Amino acid sequence: MRSSVPGSQTHTAHRTSHAVFLVFDLDGTLIDGYDAIADALAYAMEKFGLRPLPPARVRVLVGHGIEKLLESAVGSARAPEGVRLFRERYPRVAIEKTRLMPGVPAVLAELSGRGHEMAVASNKPERFSRMILEACGVGGHFVAVAGPDRETPTKPHPAMLLRLMAGAGTEARDTVVIGDMEVDSEFARAAGCRVVLIASGSRTRRELLDVDADALLDTIGDLPGWLRRPAQSRKLPTES
């Protein structure tokens with residue numbers, strides 16, 4: 001398989017007929033990159049004479065793309081320059097201040113070994129996502145890494161996901177999106193896909209309970225077990 005997703009890099013892989021296509025979010029799902037994002041955001045804000053946002057506030061704002069992040073932090077009028085400043089700083093700190101979420105290498109290796117093709121769809125620019133995944137040693141697991149560009153809107157618009165599926169030669173019924181917040185659910189549902197949310201990133205388990213999803217997991221380590229279950233039993237667990 002070789003994908004033609006705009007703004008993505010791909011390699012050839014083969015998926016067994018029974019294995020669903022897995023599309024992962026990045027920040028809060030595969031990586032903890034909040035320190036790097038906070039650093040780059042603080043750099044941009046300080047150039048405008050503004051005080052950096054508290055880390056907890058940055059964490060909540062992450063997930064909707066750099067443009068919206070900067071609009072929230074410095075205002076819409078200064079956002080374009082803020083984006084430029086963010087992108088100036090971020091590559092300097094992205095690798096040093098980003099780490100994989102616990103259990104990610106083992107989970108990706110297991111899923112790859114089962115024949116799942118996997119991709120990443122993030123509102124982070126593709127070049128940043130690819131750089132981080134390669135530096136963390138897991139880039140080789142993904143057949144495509146997609147991000148927004150001039151032709152591809154940010155999530156929750158489904159264009160990114162639809163193009164990933166087209167490149168993989170799969171359909172919505174055979175695709176599962178894995179993320180950590182509402183935008184990932186909206187993204188998946190807009191393309192008619194199933195979605196698994198993991199309470200590991202920008203939202204707590206309680207905050208995710210009312211979000212439309214096929215499963216709500218505590219850690220990514222729970223994902224292989226959920227995927228092993230018969231499709232009809234993959235239901236969202238209720239809160240006791």
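The structure is a predicted model, in which local features need pLDDT of at least 70, side-chain atom pairs count only at pLDDT 80 or more, and totals for chains, interfaces and linings use all residues. Residues are numbered from 1 along each chain as its sequence is written, and side-chain values use heavy atoms, with hydrogens and water left out.

**Helix 1 and helix 3**

- Helix 1 (residues 34-47) packs against helix 3 at an angle of about 50°, and their axes are 11 Å apart.
- The crossing of helix 1 with helix 3 is right-handed (the near helix is turned clockwise from the far one by less than a right angle).
- From helix 1, Ile37, Leu41, Ala44 and Met45 meet Leu69, Leu70, Ala73 and Val74 of helix 3 (contact means heavy atoms within 4.5 Å).
- The residues of this contact are eight nonpolar, no polar and no charged (Ala, Val, Leu, Ile, Met, Phe, Trp, Tyr, Cys and Pro count as nonpolar; Asp, Glu, Lys and Arg as charged; the others, Gly among them, as polar).

**Cis peptide bond**

- Lys155 and Pro156 are joined by a cis peptide bond, with omega about 15°.
- Most peptide bonds are trans.
- Pro156 sits in the loop between strand 6 (142-146) and helix 7 (159-168) (helices are DSSP runs of H or I with at least four residues, strands runs of E with at least two, numbered from the N terminus).

**Largest pocket**

- The largest pocket has 13 lining residues, and Glu67, Arg87, Pro148, Asp149 and Thr154 lie nearest its centre (on a 1 Å grid over the protein atoms alone, a pocket is an open set of points where a 1.4 Å probe fits, with protein on both sides within 12 Å along at least five of seven lines; lining residues have an atom within 4 Å of a point).
- Helix 3 (residues 66-74) gives the most to this lining, with three residues.
- The lining has four nonpolar, four polar and five charged residues.

Technical notes
Axes are lines fitted to C-alpha atoms, for helices over the stretch in contact, and angles run from 0 to 180 degrees between N-to-C directions.
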